[in-house]
Structure formats: C-alpha cells, structure tokens
Amino acid sequence: MLTIKQIFILTFFFFFLNSCSNFKPLYKNNLSSLYALQEVSIITDKKRISENIKQNLVELFPTNKKTKYILKVEGLSETMGTVSDTTRKISRYKNQVTANVKIYYRQKKYDKLIYEFYEKRDASYSLISNNIRSTIASKKNAELTSIRLLSEEIYKRVLVFLSKN
C-alpha cells in the first residue's frame with residue numbers, strides 16, 4: 001500500500017512534469033531567428049582577448065550571408081588572487097573575462113545601436129611553486145575556459161534577442 005508521503009510525492013511529480021508540457025525550444029518553432037544569425041557580422045576592439053572571443057563566436061554562428069546586424073565585442077581579461085595561506089602568499093588565482101557586447105542594426109547612412117549587454121565569466125587556477133611553465137599553462141587554460149563559456153553565453157543572448165525582434 002502507498003503511504004501518504006508516497007502519494008504526496010507522486011502527486012507533486014505529476015503536477016511538476018505536467019507544467020513542462022508547454023515548453024517549446026527556441027530553435028524549433030522560430031527558425032527565422034536562426035536565419036537571422038546568418039546576417040550577423042562580428043567586430044572587435046582589436047584586443048587579444050576580444051579577438052579570442054570573436055574566434056569562438058565565429059565557430060558558433062552560421063556562415064555570414066549578408067550583414068544586417070553588427071555584433072561589437074569589447075573584451076577584457078583580469079587576474080586576481082583569491083586564496084592565500086598563513087604566510088599571506090597567494091596560492092590560487094581567478095581569471096575573469098568580461099565582454100561589453102553591442103548589437104547594431106545596419107542602415108544606409110549609419111548603424112543604429114539596438115541592444116547592449118555585459119557578460120562575465122571566470123575560472124580559477126593554482127600557482128604551482130617552482131614551476132612557472134605549469135602556472136602559465138594553468139592560467140592559459142583558465143582563460144580559454146572563461147572565453148569559451150563567455151562566447152556560449154553571448155551566442156545564447158544574441159539568439160534570444162533576435163527571436164524576440
């Protein structure tokens with residue numbers, strides 16, 4: 001026999017799963033937003049971190065057919081110490097990659113700013129004593145992870161914005 005607790009749990013899951021019945025993926029019913037991604041050109045402020053973000057975004061976006069929207073990425077990478085031991089030596093660092101993203105609509109005489117947002121992602125890495133190569137490799141890996149996560153978030157935000165317009 002079912003106990004009251006089991007009946008309550010079953011009822012809860014039934015209503016919880018039933019509330020998901022109206023879920024519609026963004027890319028299935030609104031293909032126009034995916035086609036709009038083909039009209040996006042990506043530019044940067046020529047910083048190394050911005051160019052790395054652009055490279056990741058180029059891999060995510062479909063091939064550009066014509067330019068209707070301009071996605072401008074202004075990136076910045078910062079490193080800060082986060083963990084120190086009892087002798088006050090920093091043993092763990094955090095690499096934070098931020099991006100100020102602007103979407104412009106291409107017009108004949110000028111480009112009109114239609115949307116702007118700010119994203120940041122961070123990843124931590126350890127300072128390896130007496131091994132500078134491993135520390136630099138860890139820093140580079142943390143930066144690449146932050147850039148990849150940031151690029152994916154930018155892609156999602158642009159896709160949502162284009163699907164609403």
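Trainee: Leaving aside neighbours within four places in sequence, which residues is I154 in contact with?

Mentor: I154 is in contact with I53, L57, L71, A99, V101, F117 and E119. Keep in mind that this is a predicted model.

Trainee: What makes these count as contacts?

Mentor: Contact means heavy atoms within 4.5 Å. I154 meets that cut-off with each residue in the list, F117 and E119 among them.

Trainee: Which residues touch the most other members of the largest nonpolar core?

Mentor: I53, L57, F61, L71, I154, V158 and L162 do, in a core of 24 residues. Helix α5 gives the largest share, 8 residues. At least two residues come from each of β1 (40–44), α4, β2, β3 and α5.

Trainee: What makes a set of residues a nonpolar core?

Mentor: The members must be buried, of a nonpolar type such as Ile, Leu or Phe, and joined through side-chain atoms within 4.5 Å. In soluble globular proteins, nonpolar side chains tend to be buried together.

Trainee: Why is the pair of F61 and Y155 called edge-to-face?

Mentor: Start with the search, which finds 5 aromatic pairs in the whole structure. In the pair F61 and Y155, the centres are 5.4 Å apart and the planes stand at 85 degrees. Ring centres within 6.5 Å make a pair, and planes over 60 degrees apart make it edge-to-face.

Trainee: Why is the pair of Y115 and F117 called tilted?

Mentor: The ring centres of Y115 and F117 are 5.4 Å apart, with the planes at 45 degrees. Stacked needs under 30 degrees and edge-to-face over 60, so 45 degrees falls among the rest, which is tilted. Ring pairs also link Y115, F117 and F161 into a cluster.

Trainee: Are Y115 and F117 buried or partly exposed?

Mentor: Take F117 first. Its relative accessibility is 4%, under the 20% limit, so F117 counts as buried. Y115 has 25%, which lies between 20% and 50%, so Y115 counts as partly exposed.

Trainee: Why is S126 called partly exposed?

Mentor: S126 has 30% relative accessibility. Buried would need under 20% and exposed over 50%, so S126 is partly exposed.

Trainee: Where does S126 lie, and what does S126 touch?

Mentor: S126 lies in strand β4 (residues 111–126). Not counting residues up to four places away in sequence, S126 touches S91, R92, T135 and S138. S126 and I90 are 36 residues apart in sequence, and their C-alpha atoms are 9.1 Å apart in space.

Trainee: How many helices and strands does the protein chain have?

Mentor: The protein chain has 5 helices and 4 strands. From the N terminus, the order is α-α-α-β-α-β-β-β-α. Of its 165 residues, 28% count as buried.

Definitions and conventions
Residues numbered from 1 in each chain as written. Predicted model: local features only at pLDDT ≥ 70, side-chain atom pairs only at ≥ 80, totals over all residues. Heavy atoms only, no water. Buried < 20%, exposed > 50% of the residue type's maximum accessible area, 1.4 Å probe, protein only. Phe/Tyr/Trp six-rings, centres within 6.5 Å; stacked < 30°, edge-to-face > 60°.
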